[in-house]
Amino acid sequence: MKTIGIIAEYNPLHLGHIYQIKKAKELYPDSTIILITNTTFTERGEVSILNKWTKTELSLENEIDLVIELPFVFATQSADIFAKGAINILNKLKIDILIFGSESNNIEKLTKIVDTQLNNPNYNKQVKKYLDTGLNYPTAMSKTLIDILGYTTKEPNDLLGISYIKEIKRNNYNIKPVSIKRTNNYHSQTINTNIVNASLIRKMYNNNEPIDNYIPQNTKKHLYKNLTTNSYFPYLKYKIITTNNLEIYQTVDEGIENRIKKAILISKNWSELVENIKTKRYTYNKINRMLIHILTGFTKEEAKNLTIDYIRVLGFNHKGKNHLNKIKKELDIPIITNYKPNISKILDIELRATSIYELPLNTNLTEQEYKHPPIIKDNY
């Protein structure tokens, strides 16, 4: 029996995610599926409209066997750091196969890109040349790959897949990457089937448009309505105005703190602030991540030498429990089920991120960090 890892944000869980899970079950019947998921803010600098507990419950209801938290310090960073945290956890959990969605569905092509990034001596030099012209990193990377290989990819899931494969190869993990064809575009604003991307679902939901045909039953009632980064703008504005040196925060680099300081005074919300900061060198995702790090007080000092030093279990069924029991003696780090002080710097930052995440919400999520047990689903 195979053990499969899936890395997903489920923001929200939708029918495309269900399709991926079902395809994984078709490819590997009787497998155990482990989900690694972020819980407050996302890799693209957005806010999760499902909290960690409802996300876990919905995942277990839809054939996920074990749900593990991806710590905030990895979950809100660039693709390579995001992948580093998630793949490290999955390797410790002894998965055999990593399954991810892919626009190209071409593992050979993605692997050649990875080999170029890791082994071609001209790759980093060429990327740096493009960066020096003022281009942002994704564009510099894309142009370099075209120069060397004659092709590239700009699709978001392919780019994440490249980061996953890179992390596996870099560390010689015994994990086989397997892609499943993505049936729609992440940025698409049109609807042709019942599989619609998460960003469009969030937009429709906040515009009071019907979304029931695009998400599993029992999902809609758990979604936070009108929860966006704009919900956090007053807190962010206060933090920016009252912090003398924004450069202490993770990903705030190259003098952009001065641009942020000026832009905050003329911006009425988070979205407008991002537009006022935007330059050719900075992608929207990078700016949003940067602002999340300022909001949560995540500093460069805290981001140094990050390593996975615990595994937090959010929920499981009997197959997930059996897998944990089978491998726990081989683990070199603790398995935990709730927050306790003095376990990990990363866990302390997680608590802080949750406390800030719940500021616009009428919830007790911070208290639940201490008290909420893993969700157990009996599916015998």
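Mentor: Gladly, and keep in mind that this is a predicted model. Let us start with tyrosine 10, whose relative accessible area is 1%.

Trainee: Why is tyrosine 10 called buried?

Mentor: Buried means under 20% relative accessible area. Tyrosine 10 has 1%, so it counts as buried. This residue lies in the loop between S1 and H1.

Trainee: What makes the phi of tyrosine 10 worth a remark?

Mentor: Most residues other than glycine have a negative phi. Tyrosine 10 is a residue other than glycine, and its phi is near 45°, a positive value.

Trainee: How do you know that the peptide bond from asparagine 11 to proline 12 is cis?

Mentor: Its omega is near 0°. Most peptide bonds are trans. Proline 12 lies in the loop between strand S1 (3–7) and helix H1 (15–27).

Trainee: And why is asparagine 342 called exposed?

Mentor: Exposed means over 50% relative accessible area. Asparagine 342 is at 77%, so it counts as exposed. It sits in the loop between strand S7 (335–336) and H16. Asparagine 342 also has a positive phi, of about 65°, although it is not a glycine.

Trainee: Why does arginine 312 count as buried?

Mentor: Its relative accessibility is 0%, and the cut-off for buried is under 20%. Arginine 312 therefore counts as buried. It belongs to strand S6 (residues 311–316).

Trainee: What does arginine 312 touch?

Mentor: Not counting residues up to four places away in sequence, its contacts include Lys52, Trp53, Glu69, Tyr339 and Glu369. Lysine 268 is 44 residues away along the chain from arginine 312, and their C-alpha atoms are separated by 38 Å.

Trainee: How do you know that glutamine 77 is buried?

Mentor: Glutamine 77 has a relative accessible area of 2%, and buried means under 20%. So glutamine 77 is buried. Its place is the loop between helix H3 (72–75) and helix H4 (79–92).

Trainee: Which residues is glutamine 77 in contact with?

Mentor: Leaving aside its neighbours within four places in sequence, they include Glu43, Gln250, Arg289 and His293. Glutamine 77 and methionine 290 are 213 residues apart in sequence, yet their C-alpha atoms are 8.8 Å apart in space.

Trainee: Lysine 92 is at 16% relative accessibility. Why is it called buried or exposed on that value?

Mentor: The limit for buried is under 20%. At 16%, lysine 92 therefore counts as buried. This lysine lies in helix H4. Leaving out residues up to four places away in sequence, lysine 92 touches Ile308, Ile311, Ile327, Leu331, Asp332 and Ile333.

Trainee: What makes tyrosine 28 count as buried?

Mentor: Tyrosine 28 is also at 16% relative accessibility, so it counts as buried. It is found in the loop between H1 and strand S2 (32–37). Beyond its neighbours within four places in sequence, tyrosine 28 is in contact with Lys2, Ile4, Ile97, Ile99, Lys176 and Val178. Isoleucine 97 is 69 residues from tyrosine 28 in sequence and 9.7 Å from it in space, C-alpha to C-alpha.

Trainee: Which residues have the most contacts inside the largest nonpolar core?

Mentor: They are Ile36 and Leu98, in a core of 118 residues. The largest share of this core, 7 residues, comes from helix H16 (residues 345–357). Among the contacts of isoleucine 36, leaving aside neighbours within four places in sequence, are Ile6, Ile68, Leu70 and Leu90.

Trainee: Stepping back, how do you know that the radius of gyration agrees with a compact globule?

Mentor: With 380 residues, such a globule would have a radius of gyration near 21 Å, and the protein chain has 20 Å, so the value agrees. The C-alpha atoms fill a box of roughly 60 × 50 × 45 Å along the principal axes.

Trainee: How many helices and strands does the protein chain have, and what share of its residues is buried?

Mentor: The protein chain has 17 helices and 8 strands. Buried residues make up 57% of the 380 residues. Of the contacts between residues at least 6 apart in sequence, 74% join residues at least 24 apart.

Definitions and conventions
Residues numbered from 1 in each chain as written. Predicted model: local features only at pLDDT ≥ 70, side-chain atom pairs only at ≥ 80, totals over all residues. Heavy atoms only, no water. Helix = DSSP H or I, 4+ residues; strand = E, 2+ residues; numbered from the N terminus. Rg over C-alpha atoms; globule rule 2.2 N^0.38 Å. Buried < 20%, exposed > 50% of the residue type's maximum accessible area, 1.4 Å probe, protein only. Contact = heavy atoms within 4.5 Å. Core = buried A, V, L, I, M, F, W, Y, C linked by side-chain atoms within 4.5 Å.
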